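Biologist: I have a model open and want to learn how to read it. Can we go feature by feature?

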Amino acid sequence: MTALLRHPAAKPLLFVLCALPLAQLIWGAFSNSLGANPAEALIRGLGDWTLRLLCLSLAITPLRQALNQPLLARFRRMLGLWAFAYACLHLLAYAWLDMGLVPGDIVRDITKRPFILMGFLAWALMLPLAATSFNRAIRALGGARWQALHRLVYGLALVGVAHFFWMRAGKNDFAEPAVYGLLLALLLGWRLLRAMRR
């Protein structure tokens with residue numbers, strides 16, 4: 001497994017795998033195969049992949065230690081940046097397809113619907129993490145400050161799952177958000193237990 005993780009093609013392959021869902025959604029939009037409500041399917045598909053990639057990035061550390069594969073850490077930054085890219089596209093699709101890119105309508109919707117506010121807050125929390133996910137930023141901030149800043153990922157993951165729960169509350173459909181909630185509880189609970197043992 002170490003040889004596979006070290007292989008020069010490993011990162012390009014992960015990049016392609018992360019891009020595939022986006023390509024599928026774009027193809028579905030152009031081929032009119034996203035169902036009866038393509039705008040909603042596109043917005044929700046982008047949101048789903050934001051959460052999935054965020055959870056995958058949070059799973060890197062537990063997997064790295066459980067499998068004794070420190071090289072897994074090589075892929076965490078790419079997963080996090082792809083999660084941010086999907087979040088940006090999710091926000092853009094909502095602002096464009098739901099709100100017609102009218103700033104006043106977007107602001108009113110954020111203040112009127114709590115789940116929209118939670119989604120916007122999660123995206124805003126991702127901004128400083130994406131902006132400092134580069135070696136130059138790590139050197140400028142220093143390791144301790146950089147690590148403290150990037151602990152925001154735990155809060156934004158909770159806010160992102162809350163956004164999903166709240167969105168589904170209108171339809172009383174909590175099955176899928178509950179899966180993300182359970183997964184996030186496991187990932188954060190593992191970190192809490194390790195911190196308590198220290």
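Biologist: Let me start with one residue. In which helix is the place of L51?

Modeller: First, a caution: this is a predicted model. L51 sits in helix α3.

Biologist: Is L51 buried or exposed?

Modeller: Compare the relative accessible area with a cut-off: buried means under 20%. L51 has 8% relative accessibility, so it counts as buried.

Biologist: Which residues is L51 in contact with, leaving aside its neighbours within four places in sequence?

Modeller: Look past the sequence neighbours. L51 then touches G160, V161, F164 and Y180. L51 and A87 lie 36 residues apart in sequence, and their C-alpha atoms are 8.6 Å apart in space.

Biologist: What about L4 and W96: how far apart are they in sequence and in space?

Modeller: They are 92 residues apart in sequence and 41 Å apart in space, C-alpha to C-alpha. L4 belongs to helix α1, residues 2-6. With a relative accessible area of 64%, L4 is exposed.

Biologist: Now helix packing. At what angle do the axes of α3 and α10 cross?

Modeller: Read the distance and the angle as a pair. The axes of α3 (residues 38-66) and α10 (residues 175-197) come within 11 Å and cross at roughly 30 degrees. Angles under 35 degrees count as roughly parallel, and α3 and α10 are therefore roughly parallel to each other. The crossing of α3 past α10 is left-handed.

Biologist: Which residues make the contact?

Modeller: On the α3 side, they are D48, L51, R52, C55, L58, A59, T61, P62 and Q65. From α10 come E176, Y180, L183, L184, L187, W190, R191 and R194. L51 and Y180 are both in that list, and they also contact each other.

Biologist: R52 is on the list too. Where does the charged end of R52 sit?

Modeller: Check charged ends against aromatic rings. The charged end of R52 sits over the ring of W49, 4.7 Å from the ring's centre.

Biologist: On to ring pairs. How many aromatic pairs does a search of the whole structure find?

Modeller: Five. One is F15 with W82. Their ring centres are 5.1 Å apart, with 65 degrees between the planes. Planes over 60 degrees apart count as edge-to-face, and this pair is edge-to-face.

Biologist: Where in the chain are F15 and W82?

Modeller: F15 is in helix α2, residues 10-30, and W82 is in helix α4, residues 76-98. They are 67 residues apart, so the pair links distant parts of the chain.

Biologist: Are these two residues buried, exposed or partly exposed?

Modeller: Take each in turn. F15 is partly exposed, with a relative accessible area of 43%. W82 is buried at 12%.

Biologist: Which residues do ring pairs link into a cluster?

Modeller: F15, W82 and Y86.

Biologist: Last, backbone angles. What is the phi of N32?

Modeller: Phi of N32 is positive, about 55 degrees, although N32 is not a glycine. N32 lies in the loop between α2 and α3. Its relative accessible area is 60%, so N32 is exposed.

Biologist: And where is L101 found?

Modeller: L101 is in the loop between α4 and α5 (103-112). Its phi is also positive, near 60 degrees, and L101 is a residue other than glycine. L101 is partly exposed, with a relative accessible area of 49%.

Note on methods: Residues numbered from 1 in each chain as written. Predicted model: local features only at pLDDT ≥ 70, side-chain atom pairs only at ≥ 80, totals over all residues. Heavy atoms only, no water. Phe/Tyr/Trp six-rings, centres within 6.5 Å; stacked < 30°, edge-to-face > 60°. Helix = DSSP H or I, 4+ residues; strand = E, 2+ residues; numbered from the N terminus. Buried < 20%, exposed > 50% of the residue type's maximum accessible area, 1.4 Å probe, protein only. Lys NZ or Arg CZ within 6 Å of the ring centre and 35° of its normal. Axes fitted to C-alpha atoms, helices over the stretch in contact; angles between N-to-C directions. Parallel < 35°, antiparallel > 145°, perpendicular 65-115°, else oblique. Left-handed = near helix turned anticlockwise from the far one by under 90°. Contact = heavy atoms within 4.5 Å.
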